[in-house]
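Please open the model in your viewer and keep the selection panel at hand. The tour goes from the whole chain to the boundary between two parts, and then to a single pair of side chains.

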Amino acid sequence: MATMIDVPEAKPQAAQGDADPAFRADVLACFRDTRRAIPARWFYDKAGSELFEQITDLPEYYPTRTETELLARYCGEVAQQGGAGRTVVEFGSGSSVKTPHLLRAIQGKHYVPIDISGEFLRESAAALARDFSGLAVHPLEGDFMRPLQLPEAVAGEPKLGFFPGSTIGNMVARTSLDLLRSMRETLGVGSLLLIGMDRIKSPDILIPAYDDAQGVTARFNLNLLHRINREIDGTIPVDRFRHVARWNDSYARIEMHLEAQEDLSFTVLGERFSMRKGETIHTENSHKYGPRDARLLLRAGGWTVRHEWTDPDDWFALILAEAVPFQTAP
Ligand code: SAH
Ligand code: AVI
């Protein structure tokens with residue numbers, strides 16, 4: 001069978017003042033509030049996706065390396081545990097570099113990568129389709145937090161959701177539950193989900209992973225301000241901010257912030273905002289999970305854990321769960 005790829009029409013590059021209305025709304029809400037925070041999904045324009053790829057190669061950033069080793073080793077077992085032949089639906093697929101391990105083991109006919117970073121998604125999907133002849137690739141640009149209509153071609157197919165990278169960690173508990181429930185709806189009862197979740201570990205390992213010596217994570221964080229200036233007519237003095245990564249122990253998460261290094265004033269879409277020296281914009285949470293936390297979260301979201309695999313240091317977990325029919329609780 002020939003390689004197939006559905007190529008949805010590319011959206012033109014956002015010009016100033018022509019950005020996603022949801023991005024505009026989130027940025028304005030952030031600066032109008034005293035507790036300044038912007039959802040982490042806005043990191044991922046083309047430049048942000050490329051910077052994330054550089055992060056995955058950093059010596060300090062253990063999650064990608066560790067999860068990829070787990071996938072290389074255990075995808076055969078995922079196939080044996082019911083995954084074989086299923087359609088893989090990947091949430092936040094990015095460069096899809098980890099996916100070949102899974103696709104080779106599962107041997108399904110269809111692959112649906114979903115990502116908000118449209119241009120990056122289409123390039124990655126096209127590259128993957130070239131490498132897997134016989135696989136129909138259906139890239140779906142969109143926000144996985146909203147209900148998604150999967151392509152007609154996979155409607156009747158048994159499905160395996162794939163949510164690697166510990167991207168679930170970028171959500172607070174309430175949002176991650178909403179997402180797990182909506183994945184259950186999108187994929188259907190009887191579906192499987194293979195999810196990567198980062199474990200709680202020493203801040204001595206976590207902090208450098210989010211504040212690396214080469215400053216790539218700092219550039220990834222600061223790119224959000226460049227994106228605001230580029231896309232929604234901002235005048236933010238980016239060089240007056242500094243990247244900060246902190247471990248918040250009571251929430252078991254790394255937090256990334258952008259801290260004003262002096263009193264500042266700037267405009268976004270013509271509206272003036274100011275920040276005092278030391279004030280921050282909270283740009284990302286990266287929650288880490290103990291084994292029981294992970295199982296509880298998945299169960300609450302409608303997914304029963306079937307199997308889990310971890311590395312020898314127990315730094316990262318790959319978990320296979322199933323959407324079983326709901327039962328009446330005793
Ligand atoms: N799965 C890859 C990439 C992880 S980076 C890996 O494991 O390395 C997180 C990815 O999720 C990015 O590609 C980003 O564009 C995407 N993403 C983040 N929030 C999203 C959202 N709300 N909807 C769709 N994609 C999202
Ligand atoms: C995509 N996500 C799981 C990454 C993480 O580790 O939370 C994003 C990231 N932020 C800084 N470095 C990597």
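**A tour from the whole chain to one contact**

The structure holds 22 salt bridges, where a salt bridge is a side-chain nitrogen of Lys or Arg within 4 Å of a carboxyl oxygen of Asp or Glu. This is a predicted model, in which local features need pLDDT of at least 70 and side-chain atom pairs count only at pLDDT 80 or more, while totals for chains, interfaces and linings use all residues. Residues are numbered from 1 along each chain as its sequence is written, chains are lettered from A and ligands numbered from 1 in the order in which they are written, and side-chain values use heavy atoms, with hydrogens and water left out.

Along its principal axes the C-alpha trace spans about 60 × 45 × 40 Å.

Next, colour 21-57 + 204-287 as domain 1 and 62-200 + 289-323 as domain 2, bounds that come from an automatic or database domain assignment. Their C-alpha centres lie 27 Å apart, and the contact (heavy atoms within 4.5 Å) takes 20 residues from domain 1 and 19 residues from domain 2.

Now show the surface between them. The two domains bury about 1600 Å², 58% of it on carbon and sulfur atoms; buried area is the accessible area (1.4 Å probe) that two parts lose on being put together, summed over both. On the domain 1 side, select Arg41, Lys46 and His287, which lose the most area to domain 2 and together account for 35% of what that side buries.

Which charged contacts cross here? The rule finds 3 salt bridges across the interface of domain 1 and domain 2. Zoom in on Arg41 and Asp143, whose side chains meet in a salt bridge (3.6 Å, N to O). This pair links distant parts of the chain, with Arg41 in the loop between helix H1 (21-32) and H2, and Asp143 in the loop between strand S5 (140-141) and strand S6 (159-163), 102 residues apart.

Terms used
Helices (H or I, at least four residues) and strands (E, at least two) are DSSP runs, numbered from the N terminus.
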